[in-house]
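This report covers the core, an annotated site and a pocket of one protein model. The sequence and structure come first.

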Amino acid sequence: MTVPKVTSASTTLKRFPHIHDDPSTIPHSLDPFTITTSTGFLPYQTSPTTLPEVFQPLMSILDRMSVVKQDGAPGLLATYELGPVVESELPDLTDEVDKLVTADGLPDLYTITALFRDYSFLASSYLLEPCWENWRKNPDGGYGLGRDLLPKAVARPMYRCAQLLDIPPFMSYAAAYSLFNYHLAEPSKGLTYPNLRLVRAFEGGLDPKSSEAGFILTHVDMVKWSGSLISGAVRVVDTLEKAGPRSEINDGFREILTAMEKIEASMEDMWGNSKPHEYLSFRVFIFGITNQSMFPNGVIYDGVLDNKPLYFRGESGANDSMIPLLDHLCQIPMPSTPLTKILHEFRSYRPHPHRDFLAHINAKAAEVGVREYAVKDVETAILLLKTLDHVRSFRWRHWLFAREYIIRRTPHPTATGGSPIVTWLPNQLSAVMDLMISIYDEYLAPDLKSNGEENGHAQNGSHESYNKQVEPMMEQVRDQREKLAKEVERWCKERGV
C-alpha cells in the first residue's frame, strides 16, 4: 500500500520534520531514536558494536564480563570477579564523553547512546553481581543485597551520557538493553530474526540461540514492524485535523491492524526463542533500584548529585512505545490507581523522541476526538474496536508471559521495573477490555441489532458481516475479563497480596 505523505500544513510534520526521511540521511547529531515511518521505534541505524579507542578500558571489561564470553569460556560474572576488576582497572573517562562530537561540532548522540548502553550493562552487572551469586548458589534463598555504591568511573560518565540523551542514568529498554543492543550478522540480509545478533549480554546471550538472546531479539523483531503503526496513527490524526475523508481515516486504522498482526505473530515466537525455565537466570541483572529488596537504601552514584542515594526503575518491556501509542490514539482511559501512576513513571525511561511523539499523538487524539469520531460510523467503530482488540491481545499475551516465566517460578513480588508482579499488567488489560465492552454496548450493539435501519450505517446486508466480525471478538473479551479476575484473585491469595 502506498501511503501518502501528510501535507506541510500538518502539525505532525512541523513537529517531527524527519518523520518521512530516509533513515540513512539522518545525522548522528540527532538522537538515534528519531522517529521515521521506515524505522518506527527502532533506531535509524543499528547500533555500533565498538566504541572509540579512548574507551578501550571499558570495552576490555565488557568483553570479559558476561557469564559466558563470546568464545564460550567463563567470564568475570561466572567467577564473581567483576567488582574488583571494575574497581582496579577502569579509569574515569567522563571528560571524554563531551569530546564525542560530529563534524559540525554537535554532540554525537548516536555514539553517546552506544556508550550509555555499555556503561549501563557494566553498572547493572556491578550492582547486581552479589545478587547473581546469591541466586546462583541458592535459588530458593532470594537475591540478598546488591552493591549500594556505584564507582565514580562508572557513575560519572554514565550520568553524563544520560544528561545528553535526557533519560535516567540506568539500564533502559530502548537505549540500552534491547533496541540499541543488536547488529546484523550479514547486513545484506536485513532485519530477519536469524540475522540478528546481540552486542552486549549478561549471561549467555552472545550465543544467538540462547534464551537471553531470544528474549531481547524477539523484542527487536516485534518493533521492526512499528513504522506502520506510526504511519497509520499519523494518517488518522492528521486527516481528522484537516477534516479529510473518513476513508483515509479507515485506511489509517487498517494499516495499524496489518502491522499489529505481524507484531503479535513475532511476539508469539517468544515461547520458542526464550525458554520460560531459563528466564529467571539472566533476569537477575535487569532489576532496578526502586521498590526492590536488593536496594533498601537506594544506590549512591559516587561523584554524582552530592552522593545522595538514588532510585531508578529497572529495564522493562513495558517501556516499549508501541502499545502506549495505541493507548493514546484510541484514547483508552486508565483507572486512577497507584498502578497507573507507575505506568506514567515509565514514560521518562523512553528515548526523548519516543516521549515527544507519544505526547503529540495523545494531545492530537484528544484535540480532534478520534474515539468520538470513530463511533459515529459503524465501519470506523469496528476498525477502532479491532485496534483495541489487538491491544487486548497483546496485553493478554504479556500477562501469560508474566505468569509462565515469572509468577509460577519465583515468589519475588516485584517485576524488574518495580511494579507489583501480579496486579500491574491486569490494571492495563482490564482497562482496554472495559472500553471495548463500553463501545460495543453503547454504540455498536444497538445499531447492529436494529440492522442500522434508523441511521443508514449498515445497509445491503452488511450488518450480518459486521456481526460475524464483532460478536466472537466480544465473547472472547468477556470470557477473558472473567478469567483474568479469577486468576488475579487466586495469585493474590496464594502470595498473600
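Which residues does Phe 357 touch, not counting residues up to four places away in sequence? In this predicted model, Phe 357 touches Phe 16, Ile 19, Ile 35, Phe 41, Ile 230, Val 234 and Leu 325.

Phe 357 belongs to the largest nonpolar core, which has 170 residues. Together with Leu 122 and Trp 399, Phe 357 touches the most other members of this core. Helix H17 gives the core its largest share, 17 residues.

## Annotated site

Helix H17, residues 378–407, also holds His 398. An unreviewed UniProt entry places the feature "binding site" at His 398.

Is His 398 buried, partly exposed or exposed? The relative accessibility of His 398 is 26%, so this residue counts as partly exposed; the buried class ends under 20% and the exposed class begins over 50%. Leaving aside residues up to four places away in sequence, His 398 touches Met 267 and Leu 425.

## Largest pocket

The largest pocket has a volume of about 300 Å³. Its lining consists of 16 residues, and those closest to the pocket centre are Asp 63, Gln 70, Val 199, Arg 200 and Leu 206. Two elements each give two or more residues to the lining: helix H2 (56–65) and strand E3 (196–198). Of these, H2 supplies the largest share, four residues.

By residue class, the lining of the largest pocket divides into eight nonpolar, five polar and three charged residues.

Note on methods: Residues numbered from 1 in each chain as written. Predicted model: local features only at pLDDT ≥ 70, side-chain atom pairs only at ≥ 80, totals over all residues. Heavy atoms only, no water. 1 Å grid on protein atoms, 1.4 Å probe; cavity = no way out; pocket = protein on both sides within 12 Å on 5 of 7 lines; lining within 4 Å. Points joined across faces, edges and corners; volume = space filled by probe spheres on them. Nonpolar A, V, L, I, M, F, W, Y, C, P; charged D, E, K, R; others polar. UniProt positions renumbered as here; feature names shortened; annotations may be inferred. Buried < 20%, exposed > 50% of the residue type's maximum accessible area, 1.4 Å probe, protein only. Contact = heavy atoms within 4.5 Å. Core = buried A, V, L, I, M, F, W, Y, C linked by side-chain atoms within 4.5 Å.
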